[in-house]
Amino acid sequence: MTEYEIPDQYLRGYAQLLADVSATGRRLTRDEIEARRALGEQAAEAGHGLRALVRAHLAATRASWPGDPGSTDSALAAVQQVVDAFAEGYERAQRHAVRQEEAARREFIDDLLYGRSDLGRLAERAERFGLRLSQTHAVAVAQRPAAYDESGPVPRQVERSLIARFGDRSILLTTKGGHMLCVAPGDQDEILTHFAKQVYAATDGGRVAIGRPQPGAGGVVQSYEEALNTLELAERLQLTDPVLRAADLLVYPVLFRDRQAMADLVRAALGPLTTARGGAQPLLDTLTAYFDCGCVAAEAARRLSLSVRALTYRLERIHRLTGADPSDPAHRYMLQTAVIGARLLDWPARQL
């Protein structure tokens with residue numbers, strides 16, 4: 001239907017109303033105004049454009065203008081009241097539709113990310129929001145100190161950039177629990193990479209974790225949880241990379257799967273460090289820096305603001321206390337795994 005083909009039902013009684021007001025000089029009654037609001041709501045629900053509807057009212061005004069109006073001012077005032085009431089009803093219906101759409105979208109996102117809905121029904125609802133859950137999807141989760149708000153400027157800025165770059169490619173951008181999320185087809189990694197870059201630029205350093213591509217509706221949940229776990233892991237391990245991929249950090253969940261075994265390893269391998277002057281933390285920091293830079297003593301000393309001699313002394317002290325030599329490949333793996341475990345378990349700040 002073109003914008004000119006506005007059904008007569010939305011102009012019902014308008015010509016008679018205009019003639020009556022012109023003849024008597026009265027203003028519209030409350031019931032008459034409410035009736036025009038109701039017609040505006042009906043027109044909005046039917047999908048007609050407001051500009052075309054206003055044009056139809058103006059055309060009807062010209063066609064129905066009294067030949068001998070008693071009061072031109074009253075007639076024009078009536079036109080103003082009618083159009084204003086009609087537009088108010090139209091806008092009221094639109095706001096209601098927007099609220100309903102937002103509620104439906106939020107409910108769908110909650111069901112999608114928590115896997116609470118029937119998968120068949122969930123897949124049907126997903127198509128309404130541009131997702132085909134029969135395909136593989138990956139989820140990126142952005143985090144920053146301040147919580148993300150879906151109506152805030154950063155999500156809107158990132159969304160505009162994604163649409164401008166990729167158009168409609170089955171992308172879902174939303175917020176959840178203070179994080180900003182991007183769900184994209186699993187075979188289009190460039191979308192999530194662009195999302196991460198835009199988040200970093202818009203927030204001056206926001207961090208993004210990307211879950212692995214997973215198939216089906218359950219795959220979205222799995223990728224989402226992987227991304228969340230990766231963010232938590234990054235905090236525990238004090239990783240500084242702005243973009244973290246779950247696929248690159250799979251070794252850590254494997255190491256942490258048996259928490260009790262990891263705690264036993266930390267106690268056995270690093271427990272003796274607690275007897276050192278100043279406690280275990282300085283020596284643990286030494287091992288962390290030493291392993292993080294590939295066991296290069298000069299670089300580790302620079303990171304710790306120590307001389308190479310002081311670093312070497314610390315490594316020798318660790319060897320004497322634990323019986324394990326950090327520079328010996330036969331001991332290095334056990335010590336490095338124990339150091340990772342200590343970071344995951346927040347030892348020695350927390351008792352094991």
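**Close-up views of a predicted model**

**View 1. One aromatic pair, Tyr290 and Phe291.** The ring-pair rule gives 1 aromatic pair. The centres of the Tyr290 and Phe291 rings are 5.9 Å apart and their planes meet at 55°, so the pair is tilted. The rule takes rings of Phe, Tyr and Trp (its six-membered ring) with centres within 6.5 Å; planes under 30 degrees apart are stacked, over 60 edge-to-face, the rest tilted. Tyr290 is buried at 5% relative accessibility. Phe291 is buried too, at 7%. Buried means under 20% relative accessible area, exposed over 50%, partly exposed in between (1.4 Å probe, protein chains only).

The model is predicted: local features need pLDDT of at least 70, side-chain atom pairs pLDDT 80 or more, while totals for chains, interfaces and linings use all residues. Residues are numbered from 1 along each chain as its sequence is written, and side-chain values use heavy atoms, without hydrogens and water.

**View 2. Strand β4 (residues 207-210), covered on both faces.** Arg207 and Ala209 are buried on one side. Val208 and Ile210 are buried on the other. In a regular strand, side chains alternate between the two sheet faces. Strands are DSSP runs (E, at least two residues), numbered from the N terminus.

**View 3. The neighbours of β4.** Strand β1 (residues 136-143) runs antiparallel to β4, joined by 4 bridges. Strand β6 (residues 243-245) pairs with β4 in the parallel sense over 3 bridges. Pairing requires at least two DSSP bridges between two strands. Val208 is the bridge partner of Ala142 and stands opposite Val243 in β6.

**View 4. Arg144 over Tyr148.** Arg144 lies over the ring face, 4.3 Å from the ring centre. The criterion is NZ of Lys or CZ of Arg within 6 Å of the centre and within 35 degrees of the ring normal.
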